[in-house]
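Hi,

Here is the structure I said I would pass on. Have a look at it first, then read my notes below.

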Amino acid sequence: MEMRNPERAIYLDNNATTQVAPEVIEAVHAAMEMTWGNPSSRHAFGLRANALVEEARLAVMRLLGARSPGEILFTSGGTESINTAIHAALAAAPAGRRRILTSTVEHSAVRQSLAPWRESGFEVTEIAVDHEGRLDVEACLAALDSGVALVTVQLANNETGALTETEQLARIGEAARASEVPFHLDAVQGPGKVPLAVGELGCDFLSISGHKFHGPKGVGALWVRPGAAPLFHPLVRGGPQEDERRGGTQNVPGIAGIGRAADLAREWLADGAGARRVRELRDRLESRLLGEIEGARLHAKGAPRLDNTVSVFVPGVEGELLLSSLDAEGLAVSGGAACSSRTKGPSPVLLAMGYGEEEASGTLRLSLSRLTTAEEIERAADVLGSVVQDLRGLFSA
Ligand SMILES: Cc1ncc(COP(=O)(O)O)c(C=O)c1O
């Protein structure tokens, strides 16, 4: 796949968003041009649009290893999927269940979705992670009892790439099931990076977002385990679309796009060769950064983690200045969480991992994709090495 990037800038911010795959653009374009009917209409235009939506649902089902297309609900993205799952679980919570278990390193989509529930009387317990970003699964299990209304944790962290392995998630799922507690997994950083099999993860709800795996923005999906929410309380109310679980005429082009992206991601991951190549590039980048930037330190290296993510502390250079200098040199990376990089300040994730303010403010995240080339990795390391050297020289002069 050719990179459409006229400036030859290097894009290493794939945990924020990914380049839309050409095949996805084609699918979106075809849906807009040819299949613009309302999928709820009974005439031929509607039936054709509905067929496209259902085809995409099957593709997302395959990506997630789900059993039936009815388990998949299309939404406007990861954030809506997360809000929907949290709402579905908590709106039906029995009066005696007033605690929510989550972690200290969740994305703001989870943290902010929980805020109104906290204000309405739910108690939110944040399970800690260690210095490498590993979730304290034992603490989560110990806190899981019949007073809990919801467990919501993430599969992989968007800043550090630290992930909780399937067996550990399954343990949480088993304990949650035993106490009849709904379990939501924010798997937005998963598709296209790790193979997913919802049946093994132990969760009842799982959220994903199209643009994180070379699909379009503004479209996502929520997987709901059959029987997990017999009294599903929709968040977005309206018409009877999505099996009465999400009102509103479906975003047919976006859904066609996420469907295509889902098939591409699954095919790319299938034999492990692509993931291995990304891991090798990531390792090469990390070793070059450690070799060339004095005092550089990597985060989450000791944790199970995504193959594509580098979190590196660059001491002695102001984070914002470093980011803008790298951008000026054609290297697009982010500091901390790109999705919230407009909110300045130290990364709450790194603070939660026990790092001080200096490290939590001076850390860069570089995230690769299946489109990243070896040549880009070498150039990125060259640029980073020389920009850091220049800035350090400037401020020590
Ligand atoms: C872990 C995680 N959860 C949720 C989201 C929200 O997804 P979206 O912005 O597509 O709604 C993101 C986006 O960065 C994320 O990384």
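**Helix pairs, sheets and ligand**

Let me start with α10 and α14: they cross in a right-handed way (right-handed if the near helix is turned clockwise from the far one by less than a right angle, left-handed if anticlockwise). Helices (H or I, at least four residues) and strands (E, at least two) are DSSP runs numbered from the N terminus. Before going on, note that this is a predicted model: local features need pLDDT of at least 70, side-chain atom pairs count only at pLDDT 80 or more, and totals for chains, interfaces and linings use all residues. Residues are numbered from 1 along each chain as its sequence is written.

Back to that pair. α10 (residues 273-292) packs on α14 (residues 374-396) at about 20 degrees, with the axes 10 Å apart. Axes here are lines fitted to C-alpha atoms, for helices over the stretch in contact, and angles run from 0 to 180 degrees between N-to-C directions. That makes the two helices roughly parallel (under 35 degrees; over 145 is roughly antiparallel, 65 to 115 roughly perpendicular, and the rest oblique). From α10, L281, R284, L285, R288, L289 and E292 make the contact, and from α14 A374, I377, A380, A381, L384 and G385; contact means C-beta atoms, placed from the backbone, within 7 Å. These residues divide into eight nonpolar, one polar and three charged. Ala, Val, Leu, Ile, Met, Phe, Trp, Tyr, Cys and Pro count as nonpolar, Asp, Glu, Lys and Arg as charged, and the others, Gly among them, as polar.

α10 also lies across β9, β10 (309-313) and β13, at about 10 degrees to β10. Those strands belong to an open, antiparallel sheet of four, ordered β9-β10-β13-β12; strands pair if DSSP finds at least two bridges between them. β9 (297-298) and β12 (334-335) are at the edges with a single partner strand each, so one side of each has no neighbour in the sheet. Two bridges link β12 to β13 (residues 363-367), and G335 has L364 as its bridge partner in β13.

The other sheet is open too, with seven strands in the order β2-β8-β7-β6-β5-β3-β4 and mixed pairing. Its edge strands are β2 (72-75) and β4 (123-127), and the twist averages 20 degrees from one strand to the next. Four bridges join β2 to β8 (residues 220-224), which run antiparallel; F74 has A221 as its bridge partner in β8.

Two helices lie across this sheet. α3 (residues 78-90) runs at about 165 degrees to β7, and α4 (residues 108-119) at about 160 degrees to β3. The axes of α3 and α4 come within 9 Å and cross at roughly 35 degrees. G78, T79, I82, N83, I86 and L90 of α3 and A109, V110, S113, L114 and W117 of α4 make the contact, with seven nonpolar, four polar and no charged residues.

G78 and T79 turn up again at the ligand: along with H107, N158 and S209, they come nearest among the 14 residues around it (near means that the C-beta atom, placed from the backbone, lies within 6 Å). What classes make up the shell around the ligand? Three residues are nonpolar, ten polar and one charged.

Last, α1 (residues 22-34) and α9 (residues 252-269) have axes that come within 8 Å and cross at roughly 150 degrees, which makes them roughly antiparallel.

Cheers
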